[in-house]
Amino acid sequence: RTLTPEEGAKLEKDTTVLSNFKQQKLESDAQKNWDLFYKRNSTNFFKDRHWTTREFEELKGCRQTEAQKLVLLEAGCGVGNCVFPLLEEDLNIFVYACDFSPRAVEYVKENPLYSAERCKTFQCDLTKEDLLQTIPPDSVDVATLIFVLSAIHPDKMHLAVENIYKVLKPGGCLLFRDYGLYDHAMLRFKSGNKLGDHFYVRQDGTRSFFFSEEHLAQLFTSAGYETLVNEYVRRETVNKKEGLCVPRVFLQSKFKKPKNGA
């Protein structure tokens, strides 16, 4: 979106970046900070994502036959806000669900809708631990990365993207949604929260990156994916109580592992 002169001036002025020492501490404490986030918020912070099948028809339409069992990977599943609506809606689906936070994984397993026959949930740092230890190679029809990659340090994002590539079937899709450049959340950060270009830290130590179309396309194509869709989605969040209407910018994309992709 186009910034107002005030917004542009605010971003231009914000040049102070946290010291290397503080940044390294945030990186080493990343898992602890997400675990504390889930300890504070339990399963109440995010709403169930009933919109995923509406926004991503691949979750329904990528079967070759109606009887085909769909194998899905949700990378960064949190407490299951996407997993459980899908399992309820589609009885012929098997979901691998992993998250960085051991506490989040436990919340998924404690959910009454959790069934080990239909879902395998496990803790995983996508930038370090090989998904092939849990998931067979070339076996996943669809993977999702929904508001996950932005929490990973930009220098390590390619490791997560390459890790998922290995378990996707040739012809399989990765569905992506995350924060876009100049989203309202980016403009709300105060001076002293900046880690780098488009990269910020919240009060609780969790971090957030804001993607441009070009940056995201480069990240995925250099890992071997083909770009099917890569575009900004603009929404408005209305807070009637406070009389606010804020512009939201997300990046919504679909990437494909080529049929000859090894």
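Which residues do ring pairs link into a cluster? The cluster is made up of Tyr165, Phe176, Phe199, Phe209, Phe211, Phe220, Tyr225 and Phe255.

The model is predicted, so local features need pLDDT of at least 70 and side-chain atom pairs count only at pLDDT 80 or more, while totals for chains, interfaces and linings use all residues. Residues are numbered from 1 along each chain as its sequence is written, and side-chain values use heavy atoms, with hydrogens and water left out.

Helices (H or I, at least four residues) and strands (E, at least two) are DSSP runs, numbered from the N terminus, and two strands pair if DSSP finds at least two bridges between them.

Strands β9 and β10 run antiparallel and are joined by 13 bridges, with Val229 opposite Lys254 in β10. Four residues lie between the strands of the β9 and β10 hairpin, where Gly243 takes a positive phi near 65°.

Over residues 73-174 the chain is 26% helix and 28% strand, with the end C-alpha atoms 9 Å apart.

The largest nonpolar core has 40 residues, and Leu149 and Phe220 have the most contacts inside it. A nonpolar core is a set of buried Ala, Val, Leu, Ile, Met, Phe, Trp, Tyr and Cys residues joined through side-chain atoms within 4.5 Å, where buried means under 20% relative accessible area, exposed over 50% and partly exposed in between (1.4 Å probe, protein chains only). Elements giving two or more residues to this core include β1 (70-75), β7 (199-201) and α10, while α8 gives the most, with six residues. Beyond its neighbours within four places in sequence, Leu149 is in contact with residues including Met157, Ala160, Val161, Phe211 and Phe220. The buried residues of α8 are Met157, Ala160, Val161, Asn163, Ile164, Tyr165 and Val167, and what covers them includes β1, β4, β5, β8 (207-209) and α10.

Tyr165 leads back to the aromatic rings. The structure holds 18 aromatic pairs; rings of Phe, Tyr and Trp (its six-membered ring) pair if their centres lie within 6.5 Å, and planes under 30 degrees apart count as stacked, over 60 as edge-to-face and the rest as tilted. Tyr165 and Tyr225 form an edge-to-face pair, 5.0 Å centre to centre with 80° between the planes. Tyr165 lies in helix α8 and Tyr225 in the loop between α10 and β9, so this pair ties together parts that are 60 residues apart in sequence. Both Tyr165 and Tyr225 are buried. The rings of Tyr225 and Phe255 have centres 6.5 Å apart and planes at 70°, so this pair is edge-to-face. Tyr225 and Phe255, the latter in strand β10, are 30 residues apart, and both are buried.

A second open sheet has three strands in the order β6-β7-β8, with antiparallel pairing. Here β6 (194-196) and β8 stand at the edges with a single partner strand each, so one side of each is left without a neighbour in the sheet. The twist averages 25° from one strand to the next. Three bridges join β7 and β8, and Phe199 has Phe209 of β8 as its bridge partner; Phe199 and Phe209 also belong to the ring cluster.

Methods: Contact = heavy atoms within 4.5 Å. Axes fitted to C-alpha atoms, helices over the stretch in contact; angles between N-to-C directions.
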